[in-house]
Amino acid sequence: MDPYDLQGSASRRRTSNLKDYFVGATPLQKRLESVRRQSSFFPSPPRRKILQCTQLQEEIDPQKVAFLLHKQWTVYSLTPLYKFSYTNLKEYSRLLSAFIAAEKQKGLAVEVGEDFNIKVVFSTLVGVKGTQRDPEAFLVQILSKSQSSREHREGRVLWTGWFCCVFGESLLGTVSEDFTCLPLFLANGAESNTSLIGGWFQKTFDCCFSPLTISAFNLSWMAAMWTACKMDHYVATTEFFWSVPCHPQSLDISYAIHPEDAKALWDSVHKTSGEITQEEVDLFMDCLYSHFHRHFKIHLSATRLVRVSTSVASAHTDGKIKILCHKYFIGVLAYMTELAIFQIE
Amino acid sequence: MLQDHCASELRVHLANSLPLPSTVNRPRIDLIVFVINLHSKYSLRNVEECLSHVDSSFFLGKVCFLATGAGQENHCSIHQNTVIKLAHTYRSPLLFCDLEVESFRAIVAQRLVRMLQICAGHVPGISAVNLLSLLRRSDSPPSKEL
């Protein structure tokens, strides 16, 4: 028999032996081992669980996370924060407000007509995590202080950013106690504010932000995973955008499908219940490509997938996502966390 | 490759797909290099189709896979493992190269010219099959970890 066929089962057994060996190892040894094991460019387990409503998700108050849906977030990956404490959130709010006020007075990030009366609020996001081991997610908002003294309501939200970690076991096991692992950072608002706040976090907690780019390979996985999700009603059509590299300007091709048709196609491709395999994803995309080719004689497989949009969520290769569905909120974040962890490593 | 110095005459024939038309008289083919662009699934499909047109005697060291575009991760639509598996299935060496980068191009060209010289029998003491077994021994430890 071809020795290659036995590799799958042999390698699985081998990695579980290594895990046992490293239970007593220091965090540094664990990190080195995980880096050694990852020899490929992208995370690609051949199988992946279908997004399901997890136990923790039932505890999320839909009202509390509603403001996180339907917004476009720019995604960054973040290395673990050093000596971050959830009890000091008020202190951090004060420091960051002072920092931003100082920077704005320096004229580094001045916008015409900007109101300098801003305040920063840190708050925890309860329930945005995968397992109990994941650190609590927290939210940072820049609010403009209300001018009128009669109003005691919160001002207008100028910028929102939140840090979370959903099913981040592979990272949690490799860092020591002083670090808080929140590898996923999502920001909505002016870019100047994002870089200001990013700079403050980098100085204060010795961490490092980097924009998360999503490859065409991972976008096709997302398309398949999100199309596989069972929805009661669809709020948006399923759309794909490709970029054709040609001179002098690149062409963009968009392909919209009725979401129920996409789901029907997926159901016909999907064989193993409870898991999604690489072959199924490839077959799903190939069906779309061949359908397009039959009608337009264009080989979409020679182009680059840049954006995927479904009723669950939409994602762009530059690292911008928008989550539309509350039910699969955690599932989408889990995949993004995995990509972020992979980028950090 | 043509810019490299070579003792004998080196000819390169480019083709988008196989089989080559049989009406033309052409010299003996010593090395076939399949170029796969990791940015495009279409190129992978094309190569897979063409492989079936290649005579099996070529797979004794006269076929090589060249994967380009691995440097730009976010443009890649094919996983590295897919091409590694393909090369392994056909028992042929796989080279990774970013053909867009000048220095990598020059290095890979040198390697290919050397391989070609061996496959054409111009290097005394080593044949295409020898080269294949040498390359395979150095490749096999990484493939076990897949």
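Which residues are buried in helix H2 (residues 80–89) of chain B? Gln80(B), Val83(B), Leu86(B) and Ala87(B) are buried there. Buried means under 20% relative accessible area, exposed means over 50%, and partly exposed lies in between (1.4 Å probe, protein chains only). The four residues cover an arc of only 130° around the axis, so they lie on the same side of H2(B). That arc is taken from the directions that run from the helix axis to the C-beta atoms.

Some ground rules come next. This is a predicted model, in which local features need pLDDT of at least 70 and side-chain atom pairs count only at pLDDT 80 or more, while totals for chains, interfaces and linings use all residues. Residues are numbered from 1 along each chain as its sequence is written, chains are lettered from A and ligands numbered from 1 in the order in which they are written, and side-chain values use heavy atoms, with hydrogens and water left out.

Now look at chain B as a whole. It has 4 helices and 3 strands. Helices (H or I, at least four residues) and strands (E, at least two) are DSSP runs, numbered from the N terminus. Read from the N terminus on, the elements of chain B go β-α-β-α-β-α-α. The chain has 146 residues, and 38% of them are buried. Take the contacts in chain B with a separation of 6 or more: 73% of them come from residues 24 or more positions apart. Contact means heavy atoms within 4.5 Å.

Return to H2(B). What do its buried residues pack against? Their partners are strand E1 (32–37), helix H1 (41–51), strand E2 (63–68) and strand E3 (94–97) of chain B. Leu86(B) shows this in detail. Its relative accessibility is 10%, so Leu86(B) counts as buried. Leave aside its neighbours within four places in sequence. Leu86(B) then touches Ile36(B), Leu44(B), Val47(B), Glu48(B), Leu51(B) and Phe65(B). His75(B) is another matter. Leu86(B) and His75(B) are 11 residues apart in sequence and 20 Å apart in space, C-alpha to C-alpha.

How do H1(B) and H2(B) pack? Their angle is about 10°, and their axes are 12 Å apart. Axes are lines fitted to C-alpha atoms, for helices over the stretch in contact, and angles run from 0 to 180 degrees between N-to-C directions. H1(B) is therefore roughly parallel to H2(B). Angles under 35 degrees count as roughly parallel, over 145 as roughly antiparallel, 65 to 115 as roughly perpendicular and the rest as oblique. From H1(B) come Leu44(B), Val47(B), Glu48(B) and Leu51(B), and they meet Thr82(B), Val83(B) and Leu86(B) in H2(B). By class, this contact of H1(B) with H2(B) has 5 nonpolar, 1 polar and 1 charged residues. Ala, Val, Leu, Ile, Met, Phe, Trp, Tyr, Cys and Pro count as nonpolar, Asp, Glu, Lys and Arg as charged, and the others, Gly among them, as polar.

Turn to chain A. It has 10 helices and 15 strands. Of its 345 residues, 47% are buried. Among its contacts between residues at least 6 apart in sequence, 71% join residues at least 24 apart.

Chain A has a helix pair to set beside the one above. Helix H7 (residues 216–228) and helix H10 (residues 329–344) of chain A pack at about 165°, with their axes 12 Å apart. H7(A) and H10(A) are therefore roughly antiparallel. H7(A) brings Asn218(A), Trp221(A), Met222(A), Met225(A) and Trp226(A) to the contact, and H10(A) brings Val332(A), Tyr335(A), Met336(A) and Leu339(A). By class, these are 8 nonpolar, 1 polar and no charged residues.

Thr194(A) sits in helix H6 (residues 191–205) of chain A. Its relative accessibility is 7%, so Thr194(A) is buried. Beyond its neighbours within four places in sequence, Thr194(A) contacts Tyr76(A), Trp159(A), Phe185(A) and Ala187(A).

Last, the backbone. Most residues other than glycine have a negative phi. Where are some positive values? His70(A) has a phi near 60°. His70(A) lies in the loop between helix H3 (62–66) and strand E2 (72–78) of chain A, and at 51% relative accessible area it is exposed. Phe167(A) also has a phi near 60°. Its loop runs between strand E6 (157–164) and helix H5 (169–172) of chain A. Phe167(A) is partly exposed, at 34% relative accessibility.
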